[in-house]
Structures are given as C-alpha cells and as structure tokens.
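The sequence and the model are shown first, and the description follows.

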Amino acid sequence: MRVRVFYHDKCFDGACSASLFTRFHRECVARDAAYEYHGLVHRAGALFDESAFSGDENAIVDFKYSPSPQITWWFDHHQSAFLTRADHEHFLACQRDPACAGRKFFDPAYTSCTSFLAHIATTNFGFNAAPVADLVHWADIVDGAKYESPESAVEMAAPAMKLTLIIESTQDPAFIPRLIPLLTEMPLGQILEQPWIAPLLPPLLERHQAALELIRSRAEERDGTIFFDITDHPLEGFNKFIPYYLFPHAVYSIGLSKSSFRTKVAVGSNPWTKVDPATMVNLAQVCERYGGGGHARVGAVSFPPDREDDARAAAREIVAQLRAHKPTA
Ligand SMILES: [Mn+2]
C-alpha cells in the first residue's frame with residue numbers, strides 16, 4: 001500500500017503531524033505501507049493539485065480540508081480549515097457517513113494538530129502515544145506560541161526551536177520529507193546532531209540575527225500595534241516573535257514581507273500580552289476579510305508577488321483598525 005501524506009509545509013507542527021500520522025498508521029492501520037510526503041503551502045489561488053492525490057490512501061494533516069474523493073484521512077485544528085462553505089458542508093456530510101466519519105477529524109480547540117492527532121489515535125485506535133510525548137509537548141509549545149518569554153522564543157535554546165528554524169527556512173524540497181520519519185523515531189536533540197542536519201543551523205542563526213536587526217530598524221510601534229515593511233529585503237521567513245522581543249508591551253504586530261512566491265501580510269498578537277484576550281480582535285476574521293486566515297490570535301494573508309500594492313493597502317487598513325481598537329487589561 002502506498003500512502004501519500006500531505007502536510008503543512010515549512011511548519012514544525014505540520015512535519016510532526018505527518019510523522020505522527022505515519023507512526024499511528026503503521027502501528028494501527030497498515031503494517032507494510034510505504035509513505036510519501038508532500039508539503040502544502042497557503043498561497044493565492046488553488047491550494048491543491050488533485051493529480052498529486054495519487055496514493056492508495058491520501059492523508060492531509062495540519063492543512064485545509066479538501067473535498068476530493070481521493071482524500072481518505074484528514075486531521076486539522078485551524079479555525080480557517082474550510083476554504084469555502086461548500087467544503088464545510090462536504091465535511092459535515094462526511095461526519096454523517098460511517099465510512100468517512102472515522103477518518104476525518106477537525107477540532108480548532110487543539111493547540112497543535114500533533115496533539116489532536118495523538119488524542120484521536122489514542123482514543124479511537126488504541127495508539128500508544130507515550131513514546132512521542134516529548135514531540136507532542138513541543139508541537140503544542142511551538143504551534144501555540146507557548147514560550148515562557150519573548151527571549152526564549154527569539155533566543156531559541158531548545159532543540160525543538162532550532163529544528164523549527166531549520167524547517168521554516170529550508171529551500172530544499174527533499175529536506176522535510178527526509179526529516180519527517182525521524183521525528184517520531186529519535187529525540188529532537190539527537191535529530192539535530194545528524195550530519196545532514198547539524199551544518200544547516202549556524203548560517204540560519206546568523207540570518208536570524210540579521211532579520212532581528214532589519215526589523216529593529218523598520219518597526220514602529222504606536223497605540224500598541226507594531227508595523228514593519230521589509231518587502232525590499234526578500235526573506236524566506238523570519239521569527240514571528242521578533243516584534244514582541246523588540247516591543248514587549250505591544251499587543252498586535254503587522255509585518256509586510258516578500259518571498260519568492262508571495263507577498264505576505266502577517267497579522268499577529270503578542271503571546272505574552274497582559275491584556276484580556278476577550279477584549280482582543282479575532283485576527284482570523286480580520287485576515288479572512290482579505291482572503292487569508294489563521295487562528296484568533298495569529299493569521300496571515302498571502303498575495304501573488306505582482307500584487308504587492310494590494311498587500312500594502314491591506315496591511316495599512318489592518319494597522320489602522322488595530323491601532324483604533326483598545327484592548328483592556
Ligand atoms: Mn498546526
């Protein structure tokens with residue numbers, strides 16, 4: 001049996017979910033299957049290439065729902081999991097179909113897709129999640145931004161955080177598929193020491209430092225909202241906690257950045273803020289207005305590279321909305 005696993009690309013939780021799905025599937029569903037990995041990214045336009053759903057089984061983890069009949073497993077925890085109302089209705093219809101309901105799972109209350117998958121695999125399929133407890137713990141910390149301080153998030157001492165840096169920055173399409181099986185096979189510290197992984201880290205730490213200095217030079221904070229535009233310095237991603245490391249009292253941050261395939265408006269909130277979450281703006285809803293999405297506390301909107309002006313206009317509107325809004329302690 002050939003199983004194709006589609007996961008949120010360049011994301012620690014996406015890679016951990018793909019690894020955990022594999023271990024669960026091998027232990028509880030099919031002992032002799034072969035697994036192939038295929039990363040998915042949020043982009044403007046079609047998210048899925050139907051012809052890629054060519055396995056005997058096709059699983060999507062930590063990514064949006066696809067109504068394709070080729071998709072046989074789905075696990076997600078994103079509030080914006082459904083691209084359209086029709087997709088949501090397709091999923092609800094699936095929940096009423098016994099052949100489908102036991103294989104497609106959605107719960108936005110989970111901090112990480114990895115912890116959600118561990119829960120379903122354990123309770124519904126008798127999977128033993130004890131050997132992967134450390135991985136599940138770190139997936140929750142990384143995906144839920146549950147770092148104890150901006151310093152721990154930006155200084156990145158833990159192996160999971162160094163791996164996250166490598167995963168979020170890699171330009172090698174073979175890297176994450178090669179990494180995925182290891183995530184549920186050996187401790188994270190040992191993964192980092194692999195000879196094909198260890199040399200990747202030092203240049204990334206240097207680039208991280210440069211991004212920190214670039215954002216420091218661009219960011220302006222007003223009325224609790226940080227804004228920075230670094231579209232003139234194309235970066236393939238940067239640590240999203242840098243703004244709060246620079247401005248610990250800020251509540252929201254909007255960053256306009258550019259990579260090879262998109263201009264991105266990143267809309268986040270300070271995970272360490274002292275304001276009452278109930279008084280904060282739902283950022284998934286803000287982003288959905290421009291065709292993006294995410295979670296209540298962090299979201300993003302992607303524009304094609306040739307619509308940078310639209311991205312900038314959207315960023316300015318969002319900045320104005322959030323600066324006018326006063327969350328309270
Ligand atoms: Mn996730």
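A residue is called buried if 20 or more other C-beta atoms lie within 10 Å of its own, exposed if 12 or fewer do, and partly exposed in between, with the C-beta atoms placed from the backbone. Helices (H or I, at least four residues) and strands (E, at least two) are DSSP runs, numbered from the N terminus. The model is predicted: local features need pLDDT of at least 70, side-chain atom pairs count only at pLDDT 80 or more, and totals for chains, interfaces and linings use all residues. Residues are numbered from 1 along each chain as its sequence is written.

**Two domains**

The protein chain is divided into domain 1 (2-192) and domain 2 (215-324), with bounds that come from an automatic or database domain assignment. The C-alpha centres of domain 1 and domain 2 lie 25 Å apart. Between the two, 17 residues of domain 1 are in contact with 21 residues of domain 2, contact meaning that the C-beta atoms, placed from the backbone, lie within 7 Å. On the side of domain 1 that touches domain 2, helix H6 (150-155) and helix H7 (159-169) each supply at least two residues. H6 gives the most to this side, with four residues.

Strand S1 (residues 2-8) has six of its seven residues buried, so S1 is largely enclosed by the rest of the structure. Strand S3 (residues 57-61) is likewise largely enclosed, because five of its five residues are buried. From S3, Glu57, Ala59 and Val61 point one way, while Asn58 and Ile60 point the other way. Two strands count as paired if DSSP finds at least two bridges between them.

| Strands | Sense | Bridges | Example of a bridge |
|---|---|---|---|
| S1 and S2 (residues 34-40) | parallel | seven | Arg2 with Ala34 |
| S3 and S4 (residues 73-76) | parallel | three | Val61 with Phe75 |

Helix H1 (residues 12-28) is largely enclosed by the rest of the structure, because 14 of its 17 residues are buried. The end C-alpha atoms of H1 are 24 Å apart, which agrees with the 24 Å that its 17 residues should span at 1.5 Å a residue. The expected span of a helix is 1.5 Å times one less than its number of residues.

An open sheet of six strands has the order S6-S7-S8-S9-S11-S10, and its pairing is mixed. Strand S6 (220-222) and strand S10 (293-294) stand at the edges with a single partner strand each, so one side of each has no neighbour in the sheet. S6 and S7 run antiparallel and are joined by three bridges; in S7, Phe227 is the bridge partner of Glu220.

Helix H13 (residues 308-324) reaches 24 Å from its first C-alpha to its last. Its buried residues are Ala311, Ala314, Ala315, Ile318, Val319 and Leu322. These residues lie on the same side of H13, because they cover an arc of only 140° around the axis; the arc is that of the directions from the helix axis to the C-beta atoms. The opposite question is which exposed residues the face of H13 turned away from its buried side carries. They are Asp309, Ala320 and Ala324. The buried residues of H13 pack against strand S7 (225-229), strand S8 (252-258), strand S9 (263-269), helix H12 (283-288) and strand S11 (298-303).
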